[in-house]
Every structure is written in C-alpha cells, then in structure tokens.
Amino acid sequence: MIGVIAVTQNGRAAANNLIDSLNTQRGCRAKLLSGPAKTAIQEGWTTCDALICFLAVGATVRLVAPLCTDKRYDPPVLCVNETAEWVIPILGGHNHTGAGAGNDLAKTVAELLGATAVVTTASDSHGLGNIDHLFVDPDHDYRPAMMRARIDGATLQVWAEHPHYLNLIDGIGPYSVVDRIEDLTDPALLITSRTDIPIPEGATVIRPQHLVVGVGTSKGCPPDELAQAAQAVLNNANRHPRSVRAIASVTAKADEPAVRALADTFGVPVLIFPPEVLASIPVPNPSAHPLAAVGTPSVAEASALAATHGDLLVEKTVSIPTTQGAAMATAAVATDPVNTRGHLLLLGMGPGDPNLVPPATREALAQADVVIGLDQYLDRCRQWISPNADIRPSGLGNETGRAEDAVATARNGHIVALISGGDIGTFAMASPALEALGDADDIDVTVVPGITASLTAAALLGAPLGHDHCNISLSNLMTPWAVIQQRVQAAAMGDFVICLYNPRSKDRNWQLDWVKETLLAHRSSSTPVGLVTDASRPTQNIVRTTLGELDTSLVDMLTMVVIGSSQTEWMGPRMVTPRGYSDKYADFAQGGTNAE
C-alpha cells in the first residue's frame, strides 16, 4: 500500500489524480491518508509500504525524523511540491519495499504527474547501482566507503566464491573480478558464505543465501537448545548465518515455538514438508525414533535436502541439552546446488556488418564473463559484451592456444565466449575448441551459427549456390597442399560451384593460379566467377568476371572467390546457378571438358 498525504486544496487535487493513475495504470494500491499531516504520516509509517507527501521537504523531514529507526525497514518517503513539478525522494531511495525502491517510485510518480524526479543519491547520479538490498555481513560492511571510492572513479574489485554468485551484483555498475583474495585492492567486495577465509581490512562481504538448516525437535524443546544446534552445524560447515535462507522441518513441527523462534532469529521463513515426502529422501542417518513419532526416519537431514535438492554440508547433529534429560533437538545444513559447471559459447560474428550478427550471439556475449578471440573480432562486438567481462584479445595465429584457454576457463566454472568471424564452425574456432574438449562432458557447450563468408558473398552476387557447392580453403597452414589439390580436382570433376576461403596471401600467392588452370581443364573459360572483398563492410568491393579472365592479383585474404559450375550464368549483374541441370550437362556427364 502507498500512502498519499496532502493538506492543501491544490495538493489534494493532484494527490487524487495520482492515486487514480497509480491504481489504474500501474496496478498499485494507493490511498489518501486523512487527518493532519503529522497524524497521517504516523499512521502511514507502520501501515504503508511508501509515503508520498504533497508537502515541503523541510516540513516532511521534521515530521518523519522522529520515526526513523533503520534504513533497511523505514518506508521510502517522497515529497511533491505544491504545483506538482518536482518529485523528491528524501528517504529510502534504495529501500526495496512492496512499492519498490524510493528512487524508482519517484520516477514513476514523476512520469504520471508530468513532473521531474530529483534523485540526489550519488550512486544513481553516476550510473552506479547499489547493494543495499543484499545480505551484507554486518561485521564487514564498508558500503559507504566503497561507494565513495567508486564515485571518485575507483574500480570495484570483486572476488566471488563461485563465478555464478556474480549474478547477485548485476546492475551495480562496472567492476573487475580477481581470481585470488590476496589480489583485492580497495574498494573490495567479497561474495561468499564461508567464514574460514581471510577477509582484507575494509572489504565489504556479501553473504549469498543458499543454505537451509533442517531441524527436528521434541515437543516443548527450549528455543535456546535448538538455536545452539543450528549454530553448531553452521560452525562445522564454516558458513555464515546470514547465508541461511530458510529453516525446514516436518509438518508436525509447523507450530513448534522453538522452530518459529529460530526462524525469527535468522529472519527467514519456515519450510514445512509432509512426512511421506521426507520419508522418500535417502539420508545418511535414518532413525527409528522420528519414524515412530512423526512418520519419517529423518527430519533434520531430509527436510534440509527437500528444501535445497542439493548436498548436505553437515549431517545430523544432536543438540546439547539445556536442562536435565535427553537432547531435544537435531539440526543439519544443506546447500542449494551452485551451478559450477562451466559453459563454453562458440559464437560466429558474421561477415562484418553489425546487423548481420545473430541475435543469439548478442545475447550470449552479454551473458559471458570471459570473452576470447582475435582482437579484430573483439573490436566488432564490444557493444554487446558485459562491461564486467574479462576480455582476452590475441593476434593472428595460435588457434590451439585460444581454444585450450577457453576450455580450461570454462572448466573453472566460467561462462566463456570464444568468437570468430563469419560462422565459427566454418574454417574457424569451433573445431579446435571441441578437439581440446575431446570426449569429456564436464562443461556445457553451445554453438551459435553465424553467417559465413561464402553465404554473404553469394547473397551479394545473386544466387550462385542454387545447386551443389562446396567450400575449400587454400591455406596450407593446417592442411597439406597435396590434400587441397585432391579436393580441388575432385570438385572440378564433380562440377561443384566452389567457394574459396583464404585464397591468396602476400607469401602464398601462387595457389590460386594453379586452381584456375586446374578448373579450366574441366569447365569453360566463360564460367562465371565472383570476387567479393570485405563483404558487408564499408570497404566492400565486388568484381564480376569469368574463369578465363580471372585476374588473381585482385584477390587477397579478405576476398571470397566464388567459381560457378557448368550451369552457372551471369544474368545481368547476378550470378545464378539453376536449381535443376539443363540438357547441356549431358555432355559434361559423358566426360566432356573445357566445352565452349
């Protein structure tokens, strides 16, 4: 509920219009709070998620000041001036309540009123997000100093227990990830539930909530005894209490005071499971006593596992009695499964035009926390890479090294994007990466196809690939020249349309001439040939020629050479290979060569 307070006629008119807009256009629940401003604010302070005051800032500050207790729980408070021109959040700018954070609510109100939101929070002014809503360890909370340093231009240094915990700080602005805690420098942020690691002085620590404490109790168990058992399993697991997201138990203990008190201590909910559900879960320490009492051989271990579908960190621990007699509580702790399985993204960047980069590639680049590729390809895609990603550029060559680096990094739990131009599976990095992975199935792999050079050139030329065609690379860096010769000869004899990759370089300038002479022995000198250089880029150049007139000096490594079959024709400026073969193919099929 949003409480709206107004004391003047103009203010009430604007307030009523705002309430109607919030309720009908934004699906909020808003109401006008009656009475004097002081009474209305006091009422709304405990009953509303946020307060919008059509009052002066000074007056509002004086009225809310005695009510403020804790920034985490105080409601956001907004001021709107008498003429509804300005909306000013004065409290709870980052406090996420049922109405949203105060700064966000101010922008919504300003939009509905046609006003201007005056947001004074420094982090928002500098485009930096906040971590006020996260579970920060109170013993290692240096957020104000951290934000001041960032506003002054320092880069936030982050160490995370698992790479996937970095998702917790999405939106807080640029940061740099370090692999070792000892490499952290101010301002520093750690994301971990562990209590047995060194924490640098001045570092802020976020505690990810991924633990569930399962508990079993005898009826009337003292709250202190259950609390001691819960803390014992956390201590044994070397995990922080603020990383607990729930307490779990069996249906019969849903209203047990000690269980509810424990949940209140941690500030988390109680998750309750029927005994038949818990009885179906394998546990290391089943017992006849709970089976007889509540219908399941395990409560603490089974409920922790039922809540997490993960792993037990500490098995059932029996409490230390606080009074004479037998122990009355058990506890165990389990963790939600953390996806430490890495993900290798093999991405093709297309021919060069940003519009031809597949949407799936753009989305994958935004997800990756490590991006590996040639520097020239990285320059083409930086707008889609997360500002927090580790970018690893390299020069030409060492394809095997890039592939091995990508696989090894993914095996460390990272989301790694390995990129190539065109299609990554066509004379590119997909093959060496998957060779480096071998038969192993310890990481996830996604291959996103791109538009390869032959398809781009074909589209620019017309429809030369309308019938059987093949791609051949003339580079003999990784393929013996003798093998390349056999393939060219086979394609010539088979009357394939041929797309030549890597056709001619400064030091390798004779192979294309050999290909030309070889093909002239099998097809007409009038066979259409298209040369497309720098396809889809501003420097794009297209040459339309024939096999007999082909000037190989016009070709370089950035040129795609498309050589037609016996059926390919120039139809005006368009190179076309018909879907069906004409009767003249009969001569070719009978062994005729070089027919004019």
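## Salt bridges

The side chains of R180 and D183 form a salt bridge with an N-to-O distance of 2.9 Å; the term denotes a side-chain nitrogen of Lys or Arg within 4 Å of a carboxyl oxygen of Asp or Glu. R180 has a relative accessible area of 46% and is partly exposed, and D183, at 36% relative accessibility, is also classed as partly exposed. Here buried means under 20% relative accessible area, exposed over 50%, and partly exposed in between, for a 1.4 Å probe and protein chains only. The model is predicted: local features need pLDDT of at least 70 and side-chain atom pairs count only at pLDDT 80 or more, whereas totals for chains, interfaces and linings use all residues. Residues are numbered from 1 along each chain as its sequence is written, and side-chain values use heavy atoms, with hydrogens and water left out.

By the salt-bridge rule, the count comes to eleven. One of them joins R207 to D137, with the closest N and O atoms 2.7 Å apart. This pair links distant parts of the chain, 70 residues apart: R207 is in the loop between β10 (204-206) and β11 (211-217), and D137 in the loop between α5 (122-125) and α6 (143-151). Both R207 and D137 are buried. Helices (H or I, at least four residues) and strands (E, at least two) are DSSP runs, numbered from the N terminus.

A further salt bridge connects the side chains of R392 and D390, at 3.0 Å from N to O. R392 is partly exposed at 26% relative accessibility, and D390 is partly exposed at 34%. Salt bridges with shared partners also join R180, E182 and D183 into one network.

## The parallel sheet

Five strands form an open sheet in the order β18-β17-β19-β16-β20, with parallel pairing. β18 (390-394) and β20 (444-448) stand at the edges with a single partner strand each, so one side of each has no neighbour in the sheet. From one strand to the next, the twist averages 15°. Two strands count as paired if DSSP finds at least two bridges between them. β17 (residues 370-374) pairs with β18 in the parallel sense over five bridges, and the bridge partner of V371 in β18 is I391.

Helix α15 (residues 430-437) lies across β16 (343-348), β19 (415-420) and β20, and runs at about 165° to β16. Axes are lines fitted to C-alpha atoms, for helices over the stretch in contact, and angles run from 0 to 180 degrees between N-to-C directions.

## Contact of α1 with α4

The axes of helix α1 (residues 9-25) and helix α4 (residues 102-113) come within 10 Å and cross at roughly 110°. That makes α1 roughly perpendicular to α4, a class covering 65 to 115 degrees, while angles under 35 count as roughly parallel, over 145 as roughly antiparallel and the rest as oblique.

In this contact (heavy atoms within 4.5 Å), A14, L18, S21, L22 and Q25 of α1 meet T108, V109, L112 and L113 of α4. By class, the residues are six nonpolar, three polar and no charged. Ala, Val, Leu, Ile, Met, Phe, Trp, Tyr, Cys and Pro count as nonpolar, Asp, Glu, Lys and Arg as charged, and the others, Gly among them, as polar.

## Helix α18

Helix α18 (residues 511-520) is mostly covered, with seven of its ten residues buried. These are Q511, L512, V515, K516, T518, L519 and L520. The elements that cover them include α17 (481-493), β23 (497-501) and β26 (559-563).
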